[in-house]
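Okay everyone, thanks for coming. Have a look at the sequence and the structure first, and then I'll walk you through a few spots.

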Amino acid sequence: MSRTRGGKGQPRVDTQPVFILHQYAWRETSRLIEVFSRDYGRISIAARGVQRPGSQLRGTLLAFQPLLMSWFGGAEVKTLHAAEWQGGITQPSGLSLLCGFYLNELLVRLMPREEPQPVLFAAYYEAIRDLAGLPTEAGSAVEPVLRGFELKLLTELGYGVDLAHDTAGRDVQADQQYDFVAGQGLILADNGRGRFDGAVLQELAAGRLADERVLAQGKLLMRQALTVALGDAPLHTRQLLLDLQRI
């Protein structure tokens with residue numbers, strides 16, 4: 001973590017690892033960028049003049065690519081000083097690219113501003129790297145990546161589901177079935193016909209996401225848990241992927 005003083009005594013951060021989550025045009029020649037930084041969390045940065053034809057940064061500010069950024073300013077919107085591409089990750093394409101946008105939308109919607117999230121940053125880096133390594137027609141191969149990141153996201157941001165215990169504090173049993181109640185957690189199914197198998201919940205808790213049944217029930221559980229966190233406003237990328245029957 002490197003923080004110095006910029007011009008006129010303004011706080012300045014130098015060479016911080018970041019990923020760009022979202023960006024859009026601002027004024028005539030600039031862009032506003034939402035970045036996920038390793039040590040400072042989610043930051044809004046104004047990239048002034050970056051849309052001018054001669055701007056050296058124009059081809060550097062790419063989503064899904066590891067960058068080193070420097071910025072300054074004490075207000076909510078910082079000012080970009082420099083950005084350098086680090087390489088090491090192939091640009092995702094096809095379904096993997098859509099899934100990357102889904103992860104970015106989750107982060108923009110759920111992650112608070114300027115709160116360090118180093119564990120989540122590492123999980124995002126790993127997820128993007130794994131998505132980029134999949135073939136263009138990745139199919140169901142994207143699902144373990146998405147489910148793993150969703151689990152980490154919910155846990156790190158305080159929305160995690162206790163997969164090891166039910167609401168009565170009892171250990172989840174492999175031979176039992178459970179339902180998920182928003183705001184409470186897992187409850188033992190009275191009639192033995194719950195939506196989630198105890199054995200599947202144990203696999204999810206251990207991060208083992210290879211089995212098709214684990215992925216199918218994990219997808220349903222993550223949808224329910226994320227709905228609690230997101231509220232009523234739907235995710236645009238999730239709907240697109242649902243239309244493609246991939247998520």
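**Around S37**

Let's start with S37, which touches Q16, P17, V18, I43, W71 and F121, leaving aside residues up to four places away in sequence; touching, or contact, means heavy atoms within 4.5 Å. Before I go on: this is a predicted model, where local features need pLDDT of at least 70, side-chain atom pairs count only at pLDDT 80 or more, and totals for chains, interfaces and linings use all residues. Residues are numbered from 1 along each chain as its sequence is written, and side-chain values use heavy atoms, with hydrogens and water left out.

So where does S37 sit? You'll find S37 in strand β3, residues 30-37. Strands (E, at least two residues) and helices (H or I, at least four) are DSSP runs, numbered from the N terminus. Is S37 buried or exposed? Buried, with a relative accessible area of 0%. For the cut-offs, buried is under 20% relative accessible area, exposed is over 50%, and partly exposed is in between, using a 1.4 Å probe and protein chains only. The S37 side chain also reaches the backbone oxygen of G41, at 2.8 Å.

Next up, helix α4, residues 198-205. Which residues are buried there? G198, V200, L201 and L204. Looking down the axis of α4, those buried residues fall within an arc of 155°, so they line one face of the helix. That arc is taken from the directions from the helix axis to the C-beta atoms. Among the elements covering them are α3, β7 and α5. Just after α4, G207 takes a positive phi of about 75°.

Terms used:
A polar contact is a pair of N or O atoms within 3.5 Å; within protein, one must be able to donate a hydrogen and the other to accept it, and residues adjacent in sequence count only if both atoms are side-chain atoms.
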